[in-house]
Amino acid sequence: MANNVTAIELSASGIRLVVGYVQSGKVYVLQALQGERLPLDADGKISVKASEESIELLFQTAKTSLGDHFDFGPVIAVYPSDGFKGKEGEGSSLTVEKSNRITQLDYSNCVNIIQKEVKEDGYLAVCCAPFLFVYDSEVKRDFLPGQISEKLSVKADCMLLEANDVRRYRKILNDIDIFPYLELVGVYASLEFLLGTFVPDKFLFVGLEEDSCSFSLVEERRLLFSQTDSFSLSRGVFDFAKRLSADEKTVREYVQLFGFVEDVSNIPYPIPAASSEKVAASLLRECFSPLAKSLSEIATGLNLDAQVPLVVYGPGTDIPGIEEYLSHVTGRDAYLVNNNTIGARDPVFIGCLGGIKASNQPYQLSHHEGRQMADDEIIRKTYFGRN
């Protein structure tokens with residue numbers, strides 16, 4: 001039987017909680033929940049108190065559904081990507097086992113060294129994504145537990161977030177007795193979900209979220225660059241409603257149903273203050289033009305040739321015609337990440353699903369090993385304190 005994992009994603013648009021497990025490389029979902037939009041504190045960051053209340057409510061809702069004695073397993077925390085920085089590092093460690101067999105502890109020792117190497121004032125390394133393993137002098141792309149080697153070296157891309165933000169996120173979780181087993185940056189968690197499928201060797205990973213958009217360069221399955229943009233789905237819809245002099249709720253419903261599609265004549269639906277579907281679609285394109293401009297500037301800045309496609313994820317993928325629109329305005333092929341996981345089909349859950357998937361990587365401590373070590377104070381804190 002597979003081990004359960006619980007992923008919690010912190011977001012101003014609503015805390016998300018997904019309970020599931022990985023089997024044969026696929027994520028199976030037992031529960032997927034999202035809370036209400038969170039208020040912001042005076043500093044413009046998500047409210048600590050409101051976040052804690054939202055997580056506790058989601059957790060209690062999940063317990064009601066799954067049972068008071070249900071095993072939620074270790075927690076994976078997914079943090080917002082705002083201010084994210086990526087740095088490459090390398091760490092080496094002599095094998096701990098007397099038999100010279102590689103274990104997860106050897107990997108952990110290497111990561112600790114890497115995190116010290118990439119340390120930067122005002123930032124904390126949240127997670128590392130290994131891309132190269134060296135067993136003595138043998139170079140591999142995969143982690144091979146049990147391999148005989150006197151020395152392990154690891155090269156990894158590290159994700160750094162502003163230290164004050166990380167401390168805030170940890171306080172939110174720790175205050176309610178949740179001590180994450182893994183911490184991930186949102187864009188990396190989403191990429192982890194995608195990498196189980198066929199992907200181009202190089203692409204621009206575009207996250208269309210309610211409160212922001214992100215643009216990331218992925219090459220050979222490595223996250224090499226990421227930038228958050230001020231444009232958001234909420235802003236696009238708000239501008240669209242303003243131009244039509246219509247209420248935002250009605251306009252949002254229209255966008256979700258028809259988006260950039262010009263011919264919806266076979267479906268009776270009142271177009272808010274627009275003379276035709278074509279006019280509405282044209283106005284919507286104008287409202288999303290800041291997104292097109294940002295994509296163009298990013299592609300130019302990264303010197304990407306026209307063959308590098310867009311891979312789009314997040315709630316924006318639900319807008320009809322978004323794929324064709326982005327392809328038209330950028331001159332690039334555009335593909336949507338299809339979240340067809342049973343139990344969590346809504347694209348807002350992709351970060352949580354990726355977090356659950358990341359926990360199954362062979363270089364992470366297996367859940368069985370983690371539970372054997374549960375008497376140790378540090379390891380014990382990687383599970384829900386309530387359990």
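Two strands are taken to pair if DSSP finds at least two bridges between them. In the predicted model described here, β1 and strand β4 (residues 75–79) meet this condition, pairing in the parallel sense over four bridges. Within this pair, the bridge partner of A7 in β4 is I76. Helix α3 packs on the sheet, where it touches β1, β4 and β9, and its direction makes about 145 degrees with that of β4.

The sheet itself is open and consists of five strands in the order β3-β2-β1-β4-β9, with mixed pairing. Its edge strands are β3 and β9 (182–185), each of which pairs on one side only. On average, neighbouring strands of this sheet are turned by 25 degrees against each other, direction ignored. A further helix, α4 (residues 186–194), lies across β4 and β9 and runs at about 95 degrees to β9.

The protein as a whole has 12 helices and 14 strands. Of its 387 residues, 53% count as buried. Among contacts with a separation of 6 or more, 67% come from residues 24 or more positions apart.

Helix α1 spans residues 48–66. Its 19 residues reach 27 Å from the first C-alpha to the last, close to the 27 Å expected at 1.5 Å a residue. At the start of the helix, a side-chain oxygen of S47 comes to within 3.1 Å of the backbone nitrogen of A50. After the helix comes G67, with a positive phi near 110 degrees. The buried residues of α1 are V48, A50, S51, E52, S54, I55, L58, F59, A62 and K63. In an α-helix, residues three or four places apart point the same way, because there are 3.6 residues a turn. The elements that cover the buried residues of α1 include β1 (5–9), β2 (16–23), β3 (26–34) and α3 (163–175).

One of these buried helix residues, I55, also belongs to the largest nonpolar core. This core has 85 residues, of which I8, L10, I55 and F205 touch the most other members. Strand β6 (residues 123–135) gives the most to the core, with eight residues. A second, separate core of 36 residues includes A241, F288, A299 and L310. Not counting residues up to four places away in sequence, I55 touches I8, L10, I15, I172, L173, I176 and I178.

S81 lies in the loop between β4 and β5 (85–94). S81 counts as buried because its relative accessible area, 13%, is under the 20% limit. Its side chain has a polar atom 2.9 Å from the backbone nitrogen of V187. Apart from neighbours within four places in sequence, S81 is in contact with L161, V185, G186, V187 and T228. S81 and Q227 are 146 residues apart in sequence, yet their C-alpha atoms are 8.5 Å apart in space.

S149 is found in the loop between β7 (138–140) and β8 (151–162). With a relative accessible area of 2%, S149 is also buried. The side chain of S149 reaches the backbone nitrogen of D136 at 3.0 Å. Contacts of S149, leaving aside neighbours within four places in sequence, are with T95, N100, I102, Y135 and D136.

R221 occupies the loop between β11 (213–219) and β12 (222–229). The relative accessibility of R221 is 45%, so this residue counts as partly exposed, a class that lies between 20% and 50%. A polar atom of the R221 side chain lies 2.8 Å from the backbone oxygen of L195. Beyond neighbours within four places in sequence, R221 is in contact with L195, T197 and V199. The C-alpha atoms of R221 and V199 are separated by 8.4 Å, with the two residues 22 apart along the chain.

Note on methods. Residues are numbered from 1 along each chain as its sequence is written. This is a predicted model: local features need pLDDT of at least 70, side-chain atom pairs count only at pLDDT 80 or more; totals for chains, interfaces and linings use all residues. Side-chain values use heavy atoms; hydrogens and water are left out. A nonpolar core is a set of buried Ala, Val, Leu, Ile, Met, Phe, Trp, Tyr and Cys residues joined through side-chain atoms within 4.5 Å. Buried means under 20% relative accessible area, exposed over 50%, partly exposed in between (1.4 Å probe, protein chains only). Helices (H or I, at least four residues) and strands (E, at least two) are DSSP runs, numbered from the N terminus. Contact means heavy atoms within 4.5 Å. The expected span of a helix is 1.5 Å times one less than its number of residues. A polar contact is a pair of N or O atoms within 3.5 Å; within protein, one must be able to donate a hydrogen and the other to accept it, and residues adjacent in sequence count only if both atoms are side-chain atoms. Axes are lines fitted to C-alpha atoms, for helices over the stretch in contact, and angles run from 0 to 180 degrees between N-to-C directions.
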